[in-house]
Amino acid sequence: MRYSQILLPTLKENPAEAEVISHRLMLRAGFIRKLTSGVYSYLPLGLAAIRKVEQIVREEMNRAGAQELALPIVQPADLWKETGRYEKYGPELLRFRDRHDRESCLGPTHEEVITDLVRREIHSYRELPLNLYQIQTKFRDEIRPRFGLMRGREFIMKDAYSFDVSDAMAEVAYKKMHEAYKRIFTRCGLEFRAVEADSGTIGGSFSHEFMVLAKTGEDTIVVCKECDYAANLEKAAIRSPAADSSLAGMQPMLKVETPGKRKVDAVCEFLKIVASKLVKTLVYLADGQPVAVLVRGDREVQEVKLKNLLGATDVELADDKQVFDATGVPTGYLGPVGIAIRVVADQEIAGMRNFVVGANEKNHHLTQVNMGRDFTVEAVADLRKVTPDDPCPCCGGPLALTEGIEVGHIFKLGTKYSEAMQAVFQDSDGGEKPFVMGCYGIGITRVVAAAIEQNHDQHGIIFPVPLAPFQAIILNLDCKDEAITRAAEEAYGSLQALGVETLLDDRDERPGSKFKDADLLGIPFRLMIGKRFSKDGLVEIRRRRDGFMEEVSLGDLPGILQARIAAEISG
């Protein structure tokens, strides 16, 4: 492709609307343009990078035995009502009515549609296992779309769905997809981790997120420095401390006056204790119903863990009025002893002795309190946020918290959708059983944005070779010089003949402008034909990733460049 003929509207200044690096660079490089909030047009180079991701995904999904199909983006509401998600999914589901007043929605995901297809077409265990996938545009009506392709309303996604006869076979499918995803992101040239994750609105019993590691990532992930354990912050498990149910060491409970001391720091300073000797009582509304949650004074509740424990659709921290309405006690003096609402506790509380809690009376706290003797709870579970000081739940090694960008998510769905939609098959004994399902998604457009977040410098994008819209760019540094122009054309033709994806910058622009644009676009190899060629017949090759330079003859250029590209792809 010739630069003079391609739609490539680069920008010199940073767009004011861009908040993150990938958004800024994709706008500046002429990869995307905003149509409306959260919706973008993909210009030629942006689409080329997207197609590179699609091709890698398609090859690995086919290799794993999945079959590609295409499902409608417009979905009837009746299917979503069968699973109960039409009401539960929330405002991100864009609902509308057609001219016949039939309710429909734009598909943010396709569990209902694929389950409906399979229940109509697959009837026997002999037709299983089955894995179907598509690469298609989705729409989620985000309340605050931002960060360009990182969190848009319209995006391209690969979603796959497996159907099996049993949990054991579904586990085989899950592991196969896990390995396929590792190959996909490795081939994309990305540094990533697979982390244990919460299943969210998709549901199911177990899931993993695939996170591209980047300092600008919007998610925090927890990784062990000594083993392969990794989880997102919502799911990160904490080792259960040893619990002691004996009465040994328990002191008599005492009520003490703590005038005006409502905050943890103030209470601890007044009583001359550390925060780890105090237990906070926090009131949450779980689907509108109050529940008291106990955590150590220096800990924070992980609300996703709480929601999962309670089986709630939504949990939120109660405000001061809601706390008083539920308990009759002002915020800051709540405690579990004699409280009138249900109580759950973080597992750490079970191992504590003689701690401080609110007395359920203004300006008072209780000291020397012990769970089991002075109060009971409905449930004990891992309910707090992990910290870097916590040991790995698998090996006990040190943990690190780092940032990542979710680009893929795989789920064990079980029979959540097949039971709700009565999607069954006849087993080998002649009985009917629901399909055991899995779900596997990759954000295709998000992969491109995440790759840029992970690979850039102050000059622009640094594309991994497998995702680059072009593998090389030839810079004709003097379009008025016939010999240089002839050499640039010869190099362009020979590289194209070898299948090297090449952009020829044939614009009559200053060399400095061409250098800046080449760096901005992030094309892996820059081939410069200018004064050095006029003097010694040499072409300069510059590797974008690290600035490595070498000089080669025009005749040797195709073979050497092809070898360099192959080395980059193979790692």
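Modeller: Start with the words for cover: a residue is buried under 20% relative accessible area, exposed over 50%, and partly exposed in between (1.4 Å probe, protein chains only). Now the ground rules. This is a predicted model, in which local features need pLDDT of at least 70 and side-chain atom pairs count only at pLDDT 80 or more, while totals for chains, interfaces and linings use all residues. Residues are numbered from 1 along each chain as its sequence is written, and side-chain values use heavy atoms, with hydrogens and water left out.

Next, the contact itself. A salt bridge is a side-chain nitrogen of Lys or Arg within 4 Å of a carboxyl oxygen of Asp or Glu. The count under this rule is 52.

Take Glu489 and Arg2. Their side chains form a salt bridge with an N to O distance of 2.7 Å. Glu489 belongs to helix H12 (residues 482–497), and Arg2 to the segment before helix H1 (21–28), so this pair ties together parts 487 residues apart in sequence. The element names follow DSSP runs, numbered from the N terminus: helices are H or I with at least four residues, strands are E with at least two. How covered are the two partners? Glu489 has a relative accessible area of 31%, so it is partly exposed. Arg2 is at 22%, which means that it is partly exposed.

Now go to Lys412 and Glu171. Here the closest N and O atoms are 2.4 Å apart. Lys412 sits in strand E21 (residues 399–414) and Glu171 in helix H6, so distant parts of the chain, 241 residues apart, are linked. Lys412 is partly exposed because its relative accessible area is 22%. Glu171 is partly exposed because its relative accessible area is 25%.

The next pair is Glu568 and Arg545. Their closest N and O atoms lie 2.5 Å apart in a salt bridge. Glu568 is in helix H15 (residues 557–570). Arg545 is in the loop between strand E30 (538–543) and strand E31 (549–553). The two are 23 residues apart, and the pair links distant parts of the chain. Which cover class do they fall in? Glu568 is at 23% relative accessibility, so it counts as partly exposed. Arg545 is at 48%, and therefore also counts as partly exposed.

Salt bridges can also join up into a network. Which residues are linked this way? They are Arg296, Asp298, Arg299, Glu348, Arg384 and Asp390. Find those six in the structure and trace the links.

In helix H11 (residues 444–454), 11 of the 11 residues are buried, so the helix is largely enclosed by the rest of the structure.

Another links strand E21 with helix H6. The last pair links helix H15 with the loop between E30 and E31.
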